[in-house]
Amino acid sequence: MKRMRLNYNKALISILIILIFTLNGTIVNSDSFTEKLTEGIESNGGSTIILEEYTATWCQVCAEIDPEVKELASMHDERVALIALHPADGVDDLGNYASSKRINYLFNNSPIIQSPTFLLDGDIVLEGAEQINMLNSKIMQTQSKKSEFTTIFFSAKRINNSISFEMILDSESTGIANIMIIENKLISNNYVGDLEKFDNVLVDMISINLDNKSLISGTNDWFFIQNNSNNKTNILATYNIKGEINAENIGFLASHEIQNENTTSVLGAVKIFQGDTSNQDSSLFIPIFLIIFSLGVFASLGQLNSKSINDENE
């Protein structure tokens, strides 16, 4: 009987983990994103996987695999956030202060980085395009290992020429809190290959040291306040929209991270991205199927458990 209960508990935990990974993140239809942003958009989660690609407009092979990478990220929908990191090398005109700081942070100021290089939750998983077909399995492996994460409430609202963010962590956390702004449909003047417009480009971000409530990186366009109370960490941040950012093509990511011995670990992340919500609606089949399947599993285990008890009583 104890064995039956143990199997039952294992099944319950496994199904809850699956459902957590399936129902996470916020995708807003691109046609209504601007309107929704003025009303305010909220997202709850934490298990979103951050897929970051070190890329460049001058990288021929990056341009060739970019459609495949975007399709893969779209397939995982709200469970994966794709971020393109462009170097501020004087050649790539999509490189900027935020991407430069992020690249130095992830690669420990390494002077040589192969393009493309892919990272999942801060860990380098692929260098070069030769093994791009392995990226999906790497994502699945990362998801399977992420049974614990920081729960994050994240909201964004546009007020005139600024965007107000709220980020609430489920504990009085230590480490680093990030709010990233990404932009789609960016045009480069020095691109190589057939790719003229670039998506998911990191254009600005703020990084906050949660231990001493200080700014790690961020331009003068950012302002923030951090409060710790009721066993929660609350961050209010305001971003002043610059003229070169097209607010109709942006998205947001909030993350909680730590860095130990020059390695970065993402403890939790949640996103508010634009996308095709018809794909998201169709993907509801997965959680519905899982719920029905879990009910069947529970019923079967319950019947087996009852039968085992009756047999023992007899």
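Colleague: At what angle do helix α3 and α5 pack, and how far apart are their axes?

Modeller: Let's start with the general idea. Two packed helices are described by the angle between their axes and the distance between the axes. In this predicted model, α3, which covers residues 60–76, packs with α5 at about 35°, and the axes lie 11 Å apart. The crossing of α3 past α5 is right-handed.

Colleague: Thanks! Which residues of α3 and α5 meet?

Modeller: On the α3 side, look for Leu72, Met75 and His76. Their partners in α5 are Leu135, Asn136, Ile139, Met140 and Gln143. Sorted by class, this contact has five nonpolar residues, three polar ones and no charged ones.

Colleague: How many disulfides does the structure hold, and how should I read one?

Modeller: A disulfide is a covalent bond between the sulfur atoms of two cysteines. Here there is one disulfide. It links Cys59 with Cys62, with an S to S distance of 2.3 Å.

Colleague: Why is the disulfide of Cys59 and Cys62 called right-handed?

Modeller: Look at the torsion about the S-S bond: for Cys59 and Cys62 it is about 75°, so the disulfide is right-handed.

Colleague: Now for the second largest pocket. How much space lies in it, and which residues are closest to its centre?

Modeller: The second largest pocket holds about 280 Å³ of space. It is lined by 14 residues, and closest to the centre are Leu120, Asp121, Asp123, Thr142 and Lys145. At least two lining residues come from each of β6 (123–127), α5 (135–145) and β17 (263–275).

Colleague: What classes do the residues of that lining divide into?

Modeller: The lining has six charged, four polar and four nonpolar residues.

How values were computed:
Residues numbered from 1 in each chain as written. Predicted model: local features only at pLDDT ≥ 70, side-chain atom pairs only at ≥ 80, totals over all residues. Heavy atoms only, no water. 1 Å grid on protein atoms, 1.4 Å probe; cavity = no way out; pocket = protein on both sides within 12 Å on 5 of 7 lines; lining within 4 Å. Points joined across faces, edges and corners; volume = space filled by probe spheres on them. Helix = DSSP H or I, 4+ residues; strand = E, 2+ residues; numbered from the N terminus. Nonpolar A, V, L, I, M, F, W, Y, C, P; charged D, E, K, R; others polar. Axes fitted to C-alpha atoms, helices over the stretch in contact; angles between N-to-C directions. Left-handed = near helix turned anticlockwise from the far one by under 90°. Contact = heavy atoms within 4.5 Å. Disulfide = S-S within 2.5 Å.
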